[in-house]
Amino acid sequence: MAHRVLLDWRAPGLEQACAWLVERFARRSGGWGELDLSSVIVVTPGARAGRILLAMLADRAQRDGLSLGPPTLETPGGVGWALVEDGAQVAGEAATRLAFAGGVRALEEVDRRALTREPVADLSAALGVADLALGAVRELAGELVPIGRAGAAAAELGGEVEGARWRAIERIWASARERLRAHGLEDEPTALFRVLSAGDLGARLRPGVEVVLVGVTELPGVARRALEALGGSVTAMVLGDSLGGFDGLGSLRPDAWAGRAADLSGATLEFVADAREQAHAALAAVARAGERLSADRITIGTPDEEVAFWIERLAERAGGVEVRDGAGWPIERTGPWRLLSAAAELVESGSFAAFSAIVRHPDVERAIGAGPGGGEWLDTLDAFERECMPRRVGEWAWSAEGPRAVLDGVWSRVRGLLGGLWDGRGGPRPAAEWGPEVVAFLARVFAGREFRTQVPAEGRTVEACRMLRRAADDLGGAPGGGAIAGFEGSTRAWEGIGLVMSLAGGGRIPSEPSRDSVEMLGWLELPLDPGEALTVTGMNEGSVPSSRRVDGLLPDRLRERLGLETEVKRAARDSYVLSALAASGRSLTLIAGRRSGEGDPLAPSRLLFSGDESAAVERVRAFLKGRSRWRLAARGASASGFGVAEPRRPVAINSMSVTSFRTYLASPYEFYLLHVLGLEEPGGAADELESATLGSLLHEALRRFGESGRRGSGDPGAIERDLVGHLGDLVRERFGGGADGAGLSMIPRVELEMGRRWLASAARWQAQVRRQRWEVLHCEWRPEAGASMVVDGEAMGLRGRIDRIDVHPMLGHRIIDFKTGNIKEPDKTHRAGPKDGKEWVDLQLPLYRHLVAELNLSGALELGYVGLGKGGAVEWLAGAWDEGALREADATAAEVIRRVRRGEFGAVGDARNEDGSLGALMERAREGP
């Protein structure tokens, strides 16, 4: 029988465990001593707690002058196998999954349809079903529940349909066992049943080993079976206030904890809006704790992964404090993983969008180097993608010679990096052959790079490559490659990449804790965490108590029948965790949200309302009030390091475009990003003609008409033929194919047809104004001598291009700006506010008066739009401003120029860029200190 030791949950549990281990295993003789734990297996709920305990033992041994023989560290899921001595050759993950996929392939049609209605014609589809079956088999094996028992219980509860599903799974497993046995291998579930169900289990356990369980409140069936066979060589350290709520191995007794209320009288509760505000509240709590504690004594609990994402994101933006995921950095968030994902998409689709994405990956961009066209090749690609909308790589034959040469050069380098992954895309191969190709691709991308592993980001890249290499080796070493699955030679390159990624998926890259980092931990790791200040987010139903995702094979009723984990057991476990946190004496802040990231309503955790009724009522009231305490707390934490840097004072600005005034009036900070730093959000490949692209085509067609011999014509038919002909020429030049947009998808072709209808209406309008004696004077005109506006005795250059200037022998001149889409009158786009107090928000048309000064235009000067509106309507919309209003516009422009000169760019205002990288910068600045 195991020995039980009570660790008082009012004190740090790991420190108590360390003291007990030293007292139990330290040996001293004269001036010499040792702490020999080499025959001890220490089991902790998570790997992090084990690492911390080992560090404590090392410090204690050094302090006491003891030589340390370190223990073996295990988690509950691994201790069962760690105790067993067995000579079986257990198959790796790749071989096991392929074998189960082969079992799916071998199913009769009636059995396959019991699991899925979808065909399993290729390996990817078979693996999807195989992983479903393998997951269920592994969970049953982990609890030593025979699959036949599960099938019988499922049939009893759910009828013949459920029984048929489990018979199909049993046949998949049987087929997988046969396939592996042919190669001298055994799958892990089979080995578990064989070894741990044997009558002579005691004789198969490692001799002379002791096991110490530290705060382990849940054990899988395989671990319990092995530990029970080990008997008196097991010590269970229980973190609690008594031993009464735990069984002989220290696991929780659900009946003792299901209805127990945690004493939250010493905790701070905060109810906020959503996941993002939970992150703000958590960081504000960290800032408050940081006034008296170092970062390594502060911990954030994150039962909800969405909140964890926001905490990391906001902490990265704020700077000053590093937040580190104690479970490790997910491989899915590393550069090499994203690189393989981009490669798989390109190899499968061959689309220009995928090509554009992969060359933007920082490591690929670095591998390409300066490239053809020098360092500007990405600008060339962006412009081509935005203007020509290519659908597939290589579709740029109609481009100008310079851009085409650049694109050819970049594509050649990308193909060289992909190597066999691209060359072999046309033909399938055995699955095992793709592992070496993936490794070779990674090697080519990172060739010649020197990584500083002490830099966290670079260290993660190195470790991610190692993990992917191991997964590729596992796939490459799978016996028989695709043959073991019955798919010999039928795996394509993108499927091979996906296999390697799935084998490495879920892996985490550990990083060493530091005094400068705040640990972010999962819910179950919190009771043993040694931190002194603890903030727990995600205190909502579904997170605490946690809720298992809907499980079609193992619903809760079936789980209860089979003795597996159920909702009731999880609720009891979470009640214990909250009780332990509340009793620990640490500074404890609990945060719950009212909505999810998608806006769905959330309920606070029921555990927050158990116990004292009056306190529960107050908490309900606080939740319903809808207030967000974090805002007040954040304002009081100005020294936390979570501030936003003000823009640096720029170099002197000597000229401004007439359109940039609108940007400044809306958002000085956006003006700073766009017009001082020169940042630009590159456009991606699109399936539709963006309004700017279609508008540019129409503008260019109108320009070519205005500079042609037809511009004096009053015949609408001739004008229309001329305009549509120019549009056709532009389509051929930009997109290739025919003038009707042949080769484009249906949506752009429809939009081009709309453009032709606009031009037909424009032709009728042009014929009408020509009959009214208006003539085209200039098209796409820019001032040759340069234009300026003098403010406070100093000239500020003005830049701009006017779509068209028309002249009338009696009425003077018109400055025309062509607009497409939903057209508003100029006054509505240029001024805002009440009728008697309008303010200028755009100065483009009034500033055109300063651009045309060098033309010395005589007579009246009209400013306005020619709107190419929806439905094909075309009309002249004049800006009806008197001289007083235009003087106010000039005064507004002068004030903008003064503020720009003073470097006043701090206000974010109503920025237009709310997405992408520019949107992220704007969002960070808007959050403020």
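A: **From a helix end to a buried strand**

Happy to. Helix α29 is followed by G678, which has a positive phi near 75°; helices here are DSSP runs of H or I with at least four residues, strands are runs of E with at least two, and both are numbered from the N terminus. The helix itself spans residues 668–676, and its buried residues include P668, Y669, E670, F671, Y672 and L673. Buried stands for under 20% relative accessible area, exposed for over 50%, and partly exposed for what lies in between, using a 1.4 Å probe and protein chains only.

A word on the source: this is a predicted model, with residues numbered from 1 along each chain as its sequence is written. Local features need pLDDT of at least 70 and side-chain atom pairs count only at pLDDT 80 or more, while totals for chains, interfaces and linings use all residues, and side-chain values use heavy atoms, with hydrogens and water left out.

For context, the protein chain has 36 helices and 26 strands. It is made of 929 residues, and 51% of them count as buried. Among its contacts (heavy atoms within 4.5 Å) with a separation of 6 or more, 76% are between residues 24 or more positions apart.

Now to the strand. Strand β15 covers residues 533–536, and T535 lies in it. T535 has a relative accessible area of 4%, so it is buried. If we set aside neighbours within four places in sequence, T535 is in contact with A282 and A285, with T299, I300 and G301, and with T589 and I591.

L534 is found in strand β15 too, and at 1% relative accessibility L534 counts as buried. What does L534 touch, not counting residues up to four places away in sequence? The list is T299, G301, L526, L581, R586, S587, L588 and T589. G301 also gives you a distance to check: its C-alpha atom and that of L534 are separated by 7.2 Å, although the two residues are 233 apart along the chain.

G301 ends strand β10, which runs over 298–301, and T302 is found in the loop between β10 and α14 (305–318). With 12% relative accessibility, T302 counts as buried. Again leaving aside neighbours within four places in sequence, T302 is in contact with A308, I311, M520, L521, G522 and T537.

Beyond the strand comes a loop between β15 and α24 (556–562), where P545 is found. P545 is joined to V544 by a cis peptide bond, with omega at about -5°.

A nonpolar core is a set of buried Ala, Val, Leu, Ile, Met, Phe, Trp, Tyr and Cys residues joined through side-chain atoms within 4.5 Å. The largest one has 125 residues, and those with the most contacts inside it are L83, W166, V211, L346, F355, V359 and V414. Helix α6 (residues 123–142) gives the largest share of this core, 11 residues.

Helix α15 holds residues 335–349 and helix α19 residues 401–418, and their axes come within 12 Å and cross at roughly 110°. Those axes are lines fitted to C-alpha atoms over the stretch in contact, with angles from 0 to 180 degrees between N-to-C directions.

D792, in the loop between β19 (787–791) and β20 (794–799), has a positive phi of about 55° although it is not a glycine. Is D792 buried or exposed? D792 is exposed, with a relative accessible area of 58%. N856 is another residue other than glycine with a positive phi, near 50°. N856 is found in the loop between α34 (844–851) and β25 (861–869), and at 66% relative accessibility N856 counts as exposed.
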